[in-house]
Every structure is written in structure tokens, then in C-alpha cells.
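Me: I would like to learn how to read a few features of a protein model. Please take them one at a time.

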Amino acid sequence: MAYVEASVRRRQLVAAARVALARDGVPGTSLRAVAAEAGVSLGTMQYVFPSKELLLRAVIEDVVDEIAEVLRGAADLGMGLEHAVRRALAGFWAELVVGRTDVQVMQYELTTYALRAAGQESLARWQYERYCAVVAEWCQRAAQEAGETCAVPFGRLARVIVASLDGLILQYVCDPNDARAREDLDATVDMIVSLAAVRRSAR
């Protein structure tokens, strides 16, 4: 087998894991199954990811990176927090929810698997800590670049955003009604903007 750089191999295996997880679910996905999906030996798989937990962490981090990329590209942060929230959540929905419900189901399964598997509870906590940290950092940057203040701590704002999107996504996965989802997302964004109560910083 030709030599493949470690970072490239890792990305290859994470991509294969995402395919297998979306298709077979978390409980039904093993290291052997991911190795087969990637076209590598089980030994190669275990060398990069010695355990399923480490592989799932890498998948979650890959999902978080994808979310962060969508947020970064969705809005001009210099135009303020409200603009950023409105543009980014619309972009997030269009790019990562519509037509990608299998990915969203996979993320929920990662959470429930970790909560049910003995000794894996910390994985679920870490998953949501990562989601919220990315959103909080992005919100804070949007406010700071526009010279604004937020009425609530950015960590709390991020938790509300993540929790709100979770609920909307779960309803959409169960009943993918695009018109209803768009209206509900708009209403949710209005509530988030109201909670933030953005003001210009005092000079």
C-alpha cells in the first residue's frame, strides 16, 4: 500500500466514518466498517484511531469545523451581530440542514449514543461544549468588529442559539416542511436578536 501522509489519512478516515455513521447509525458503525468504507486495513484504522470514542470525537470536531466554516462565510462580521446572526443562521439552514437530514440525525445519534454508553457521557458534554464555543466566539467577534455590546454573555447567547436550532432541526427531520421551517427560523432569529439587545459600544 502506498504511503499516505498521516494528516491525509486521518481526513480520509473521518470522511469514511461520516458516510458509515449517516448510513448505519452510531451503534451499527464499527472501526472495521469504517476501514472497509475507506478501503484500508483494520490495522491502519486502529493505528490512526485506536478506539471508537477517539474516532467519534474526530467526527464531531469535523462537524464543528464545517459549522464554523459556514458561519465564517455567511456574513460580513463588520456589519454587526444582528446582521451576522440573521445571515449566518439562514446560511447554516440552507447549507447544513436542507437536503442533509442524514447528517443531522447522525449528530443526534452521536449524542444519544454517548449518553447511553457507559463511560462515554463526557463525549456528549464535549460535543455541545464545542458547538457552543464556536458559536460564542463567532458572536463575540461579530459584536466586537462592529463596536457593539450584547445584553447577555456570549456563552449564554450561544447556548440559546444552539438549543433553538436543535429544536427546529429535530422538527424538520421528523417533518421536512420547508415553508414552515423558514417561518419558524425567522421567528427564532427575531427572538435571539431581541435577547441580544445589541447596542453600540460607548466611545
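Predicted model: local features only at pLDDT ≥ 70, side-chain atom pairs only at ≥ 80, totals over all residues.

Me: What span should helix α7 have, and how far apart are its end C-alpha atoms?

Reply: Helix α7 runs over residues 121–145, 25 residues in total. At 1.5 Å a residue it should span 36 Å, and the end C-alpha atoms are 37 Å apart, which agrees. After α7 comes Gly-147, with a positive phi near 65°.

Me: Which residues of α7 are buried, and what do they pack against?

Reply: The general idea is that an α-helix has 3.6 residues a turn, so residues three or four places apart point the same way. In α7, the buried residues include Leu-123, Gln-127, Tyr-131, Val-134, Val-135, Trp-138, Cys-139 and Ala-142. The buried residues of α7 pack against α4, α5, α6, β1 and α8.

Me: Which residues have the most contacts inside the largest nonpolar core?

Reply: In soluble globular proteins, nonpolar side chains tend to be buried together. Here the largest nonpolar core has 69 residues, and Leu-81 and Leu-157 have the most contacts inside it. Helices α1, α2, α4, α5, α6, α7, α8 and α9 each supply at least two residues of this core. The most come from α4, which gives 12 residues.

Me: What does Leu-157 touch, leaving out residues up to four places away in sequence?

Reply: Leu-157 touches Leu-81, Cys-139, Cys-150, Val-152, Ile-192, Leu-195 and Ala-196. Of these, Cys-139 is one of the buried residues of α7.

How values were computed:
Residues numbered from 1 in each chain as written. Heavy atoms only, no water. Helix = DSSP H or I, 4+ residues; strand = E, 2+ residues; numbered from the N terminus. Expected span 1.5 Å × (residues − 1). Buried < 20%, exposed > 50% of the residue type's maximum accessible area, 1.4 Å probe, protein only. Contact = heavy atoms within 4.5 Å. Core = buried A, V, L, I, M, F, W, Y, C linked by side-chain atoms within 4.5 Å.
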